[in-house]
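This report is written for a reader meeting the structure for the first time. It looks at how two chains come together and then at one of them alone.

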Amino acid sequence: MSDTVHPAETLSPAATDGAGPNGAGLGLRQLDDAVYGPMESFPTRRWWLALAATGSLAVLFVVCLVITVGQGIGRWGVNQPVGWGFAIINFVFWIGIGHAGTLISAILYVLRQTWRTAISRFSEAMTIFAVLVALQFPLFHTGRPWNAIFWLIPFYNDMSVYQNFRSPLIWDVFAVGTYGLVSLMFWYIGLVPDLASARDRAADPTRKFLYGLASLGWVGSARAWVHYEKAYILFAGLSTALVISVHSVVSFDFAAAFLPGWHTTIFPPYFVAGAIFSGLAMVSTLVLILRPMFRLQHLITIRHVELLNKLTVATSLMVGYSYVMELFMSWYGGMEMEWFVTVNRAIGPYAVCYWVMVACNVAFPQLLWIRRVRRTPALAFPIVIGVNVGMWMERFVIVVTSQHRDSLPSSWGMYYPTWVDYGLLAGSFGVFLTLVLLFCRFLPTVAATEVKADRGNSHRPAEGDVS
Amino acid sequence: LDRKLAESMVAAVAPPSPSSSPSQSIELVILPHHAVYDGRGSFANSAWLQELPDPVSRIVWGNSASISPATASRLGLAEADLVEVAVGGAAVRLPVVIQRGMADDVVATTLGHGHTAGGVVAVEAGGANLAALLGRQDPRCPRVAVGVTLKKVGPAAPLAVVRTQKERRQHGRAIALAGSLAEYRRDPAFASTHQHLPPPGDTFPPYDYSKGPKWGIAIDLSACVGCGACATACQVENNIAVVGRDQCQRGRQMHWLRIDRYEDGPLDDPDIHFQPMLCQHCDTAPCESVCPVNATSHSGDGLNEMVYNRCVGTRYCQNNCPYKVRRFNFLRYGQFPPREPAGELAYNPRVTVRGVGVMEKCTFCVHRIKQARYEAYQAGAKIPDGRIQTACQRACPAGAIVFGDQNDPAGRLGSLIRSPRSYRVLAELNTKPNVFYLARVDNPAAGPRPGDAASQPARMEQGDSRHS
C-alpha cells in the first residue's frame with residue numbers, strides 16, 4: 001500500500017486522543033490499511049536500522065552462549081556461595097515481563113475491558129517472546145545443559161530414573177512450560193482471523209499462500225466465529241489462572257528453599273504483583289517506542305497510554321506494600337539470620353541495588369498520579385524505563401543478597417558479574433527486540449477484527465466509513 | 001611471637017640503632033611457610049600445598065608481609081598495598097596483609113616463594129623470594145632483623161593476596177563454640193545451651209537406620225589446631241581439583257573439607273577458633289529435596305550421596321546448603337593439560353574424577369566404607385569399630401576427627417557423641433547433621449599470654465547475650 005497515504009497522516013490530533021472506542025477515528029478500510037500497511041510495504045529505513053542494532057545484540061547473545069557451553073559456567077561470575085547469578089535474575093525478569101501480556105489479553109478480556117483490544121495482540125506477542133528468551137536462561141545456567149534439557153523432562157528412560165517432584169525446579173519446568181504453550185496457542189487463535197485478512201489483501205501469490213496456510217483456511221463464516229469465540233474465552237480463562245500460578249511457582253524456587261531471605265511465604269503474591277508491574281512497564285515502553293515508529297497513534301491512543309500508566313501505579317503500590325511487609329515480617333519473625341539478610345540488603349555491599357529498586361519501583365511511579373504525566377509520553381517514558389530497571393534490580397536483590405551472606409560467615413563472599421554475564425543480559429534484549437521487530441513486519445500488530453467488532457458494538461459509525 | 005623475647009634476642013646480637021625514627025623500630029621475622037616450608041622443590045611445586053590456606057590468614061598461593069592493624073595505621077598502609085621491606089641494603093617487595101592479634105611493630109613473612117625455576121607450579125605460585133633478607137643483619141640469627149624499613153611502593157597486583165575466607169567473625173551465631181574450664185566445670189553441656197532446637201517434626205517421613213550402621217563423624221574442637229592436614233589429605237584421597245589463584249579469588253576453591261577460622265574478642269588480641277567444615281550428611285538434607293533430577297539422595301546407612309553422572313549442575317543444592325560445603329566444577333578443573341600425559345596417574349583409582357558442570361562434596365570416604373563392608377561380608381562378620389578411617393581422620397595429627405557407626409553403642413564415636421560437649425552446627429535449622437562437634441574447652445588464665453591481663457579475650461558466649 002505504498003501508493004496510498006498512510007492513514008495516520010490524514011487524521012486530526014483529536015483522533016489520536018482516543019476518547020471513543022478503539023479505532024473510532026478510522027473507517028474500516030483505513031483501519032485495515034493502518035494494521036496491514038506495514039506488513040505489505042517495503043520496510044522503512046528506521047526498521048532496518050533498528051533491526052541492525054537489535055540483531056547485533058542477538059548475535060552477542062549467541063556468542064556468549066557458545067562461550068558458556070564451550071568452556072563452562074565459570075565464564076560467568078557465579079561462585080560459592082552465590083550459585084545463582086544473572087541467569088536466574090534474567091529468567092525471573094523475563095518471565096515477569098510476559099505476565100502483563102497475559103493480564104491484558106486474558107484477565108482484561110474476561111473483565112470485558114474493551115480498550116484492551118488495541119494493545120492485546122501486541123502484548124501477547126511480547127509474552128511469547130519474553131517466555132522464549134526467559135527459557136534460555138535456566139537451561140544454559142545449568143552446568144550440563146546437554147543433559148538438563150532431557151533430564152528435567154519426564155521422558156521414559158531405560159534406567160527408570162525420574163525427576164524429583166519435591167524440587168521446585170521441576171514445578172517450574174511444568175509451570176513455565178504450560179504457560180509458554182497456552183500463551184502461544186491463545187495468541188495464535190487470536191491471530192487466525194487477522195491472518196485471513198492479510199491473506200485476502202495480499203497481492204503477491206507467495207504471500208497469499210503463506211498467510212493462507214497460517215490462517216488455517218479461515219473463511220469467516222458465522223459457524224467459524226462461534227467456535228472461535230468459544231475457544232478464545234476458554235483460553236482466556238486458562239490464561240487467567242496461569243497469570244497467578246506461573247510466577248507463584250517461580251517464586252517457589254526461592255520460597256521453598258532454605259536460605260534466609262528466600263524462605264518467606266510472602267513471595268508468591270509479591271512475585272505475581274511484581275511480574276505484572278514489570279510486564280506493564282515493558283508494554284508501556286514498547287508502546288511508547290512503536291507508536292510513533294509504526295504510526296499507530298490513532299489505534300493505540302493516549303487513552304491507552306494513560307490506562308496502562310494507571311495500572312502501573314496501582315501495581316507499584318502493591319509492590320511497595322510487599323517491600324514493607326517483607327521488611328516487617330523479617331523483623332517480626334525474630335530469626336536473627338533473616339533479619340540480618342534484610343539489614344544487609346539495605347546497608348550492605350549491594351545497598352545501591354536495593355535503593356535503586358525502591359526508588360524506581362515505589363517512589364518515581366507515584367508521579368503517575370498526575371494526569372499530565374500519565375498522558376504525556378515524554379514524561380511517562382522515563383518512569384516506565386525506571387520500572388524496568390527497578391524490577392531487574394529487585395530480582396538482583398532477592399537472588400544475590402540472600403546468597404552472598406548466609407548461615408555460616410566463613411562462606412560469605414561477593415558476586416561480581418563478568419562481561420559474559422552482561423553480554424547475555426544485553427543480548428537477551430537483542431533477541432527479544434529482534435523478535436518484536438520481525439513480528440511488526442510479518443504479523444498484524446493490532447487485533448484488527450476485534451477492534452472492528454468493538455467499534456461495531458459501540459454503534460457510533462465514524463466519518464469516512466466506506467466498508 | 002613474643003615481642004619481648006624477640007627484642008631481647010635481637011638486642012643481644014645487634015648493636016642498638018642510633019636513629020629513633022618510627023620505622024626504624026620495626027622488626028622483621030621470616031618464618032617457614034605453613035605448607036611449602038622453605039620452598040624446596042617437592043613442596044613448592046605441589047599445587048595441593050600452594051592451595052592449602054594459611055591456618056590463620058586463610059591466604060593461598062604466595063606470601064605476604066603481615067603487620068598488626070595498629071602498625072598498619074601508623075605507617076599508613078592498607079591491605080594489599082605493595083611494600084618494600086628493606087634491611088641492610090637489601091629489599092624485597094611484598095603485599096601487605098593486616099593480621100589481627102599480631103604484635104605491633106613486627107612484620108612477618110614466610111620463606112618458600114618467588115621461584116624462577118623448580119617446576120610449573122612453583123613458578124606460577126609467585127610471591128617473593130626472601131633469600132635476599134636472610135641473615136642480612138646478623139648471620140647468626142638469619143630469620144630475624146630489627147630496624148627494618150617498610151615503604152609503600154604502590155598498590156599490589158590484583159591477585160597478590162587471595163583469601164579463601166573473607167569474613168572473620170561469627171556475628172554472634174553459635175557456630176564454633178568454646179568455653180573456659182570454669183564454664184565447663186559449672187555446666188559440662190554449656191555448648192548446647194547456645195542452641196534453640198526446633199520442635200520435632202519433618203515434612204518428609206524419616207529414614208529407618210535401625211537395620212544397619214549409621215555413619216557419623218565427631219570432631220573435637222579442643223584438639224583441632226587448624227593445620228589443614230585433613231583438607232589436603234581429603235584432596236589427595238578424593239581427586240579434588242586444584243583451581244589456582246584466580247579461581248580461589250572468585251570463591252571457587254574445591255576443598256571438600258575446609259577449616260573455618262573465626263575471630264572473637266578484641267581486635268588487637270582476638271581469640272581464634274578453628275572448625276573443620278565438611279558435608280554434614282544431614283538426615284533431613286536441604287540439598288536432597290531441591291535437586292530436580294535426584295542427583296543427590298540418601299543412603300540407608302546415613303550418607304548423603306552425590307550421583308555425578310546424574311547431576312546437571314543447577315547448583316540449587318549448593319544454594320540450599322546452609323553449611324556451604326558443596327563444590328561445583330565451574331570449569332574443566334579435573335582435566336589435566338595435554339602437556340602432562342601421565343598426569344592421570346596421580347589420581348586415586350577408587351574415586352571418580354568429576355567433569356565440568358557437576359556438583360561434588362564430601363562422601364565420608366564412601367569407597368573406604370564399601371571396601372570395609374566387602375571385607376566384612378567376605379569374613380562373615382560385622383565391620384569392627386575403628387576399621388573404617390576417613391582420609392581426614394588418618395591425617396589429623398591431633399586425632400580430632402573420629403569416624404564411626406552411631407548405632408554401635410560401644411563404639412568410640414558413640415562415646416564422643418554422648419559427651420556433654422557434643423553439639424551440631426546450625427542444629428536449630430532442623431537439618432539433623434551427622435557431624436558432631438565437641439565444643440572447645442580451654443583455660444585462658446593458666447598459660448602465659450603476650451600482653452597484660454586486660455587483653456584477655458572476651459569469650460564468644462559472653463558476647464552472645466541473646467542466649468543467656
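## The interface of chains A and B

In this predicted model, 53 residues of chain A are in contact with 56 residues of chain B, where contact means heavy atoms within 4.5 Å. Within chain A, the residues that lose the most area to chain B are Q80(A), F258(A) and L408(A), which together account for 18% of what that side buries; buried area is the accessible area (1.4 Å probe) that two parts lose on being put together, summed over both.

The rule finds 2 salt bridges across the interface of chain A and chain B, a salt bridge being a side-chain nitrogen of Lys or Arg within 4 Å of a carboxyl oxygen of Asp or Glu. E336(A) and R173(B) meet through their side chains in a salt bridge, at 3.2 Å from N to O. By class, the side of chain A that touches chain B is made up as follows.

| Class | Residues on the side of chain A |
|---|---|
| nonpolar (Ala, Val, Leu, Ile, Met, Phe, Trp, Tyr, Cys and Pro) | 27 residues |
| polar (the others, Gly among them) | 20 residues |

Of the 468 residues in chain B, 54% are buried, that is, under 20% relative accessible area (1.4 Å probe, protein chains only). Among contacts in chain B between residues at least 6 apart in sequence, 73% join residues at least 24 apart.

## Conventions

Residues are numbered from 1 along each chain as its sequence is written, while chains are lettered from A and ligands numbered from 1 in the order in which they are written. Local features need pLDDT of at least 70, side-chain atom pairs count only at pLDDT 80 or more, and totals for chains, interfaces and linings use all residues, while side-chain values use heavy atoms, with hydrogens and water left out.

Terms used:
Buried < 20%, exposed > 50% of the residue type's maximum accessible area, 1.4 Å probe, protein only.
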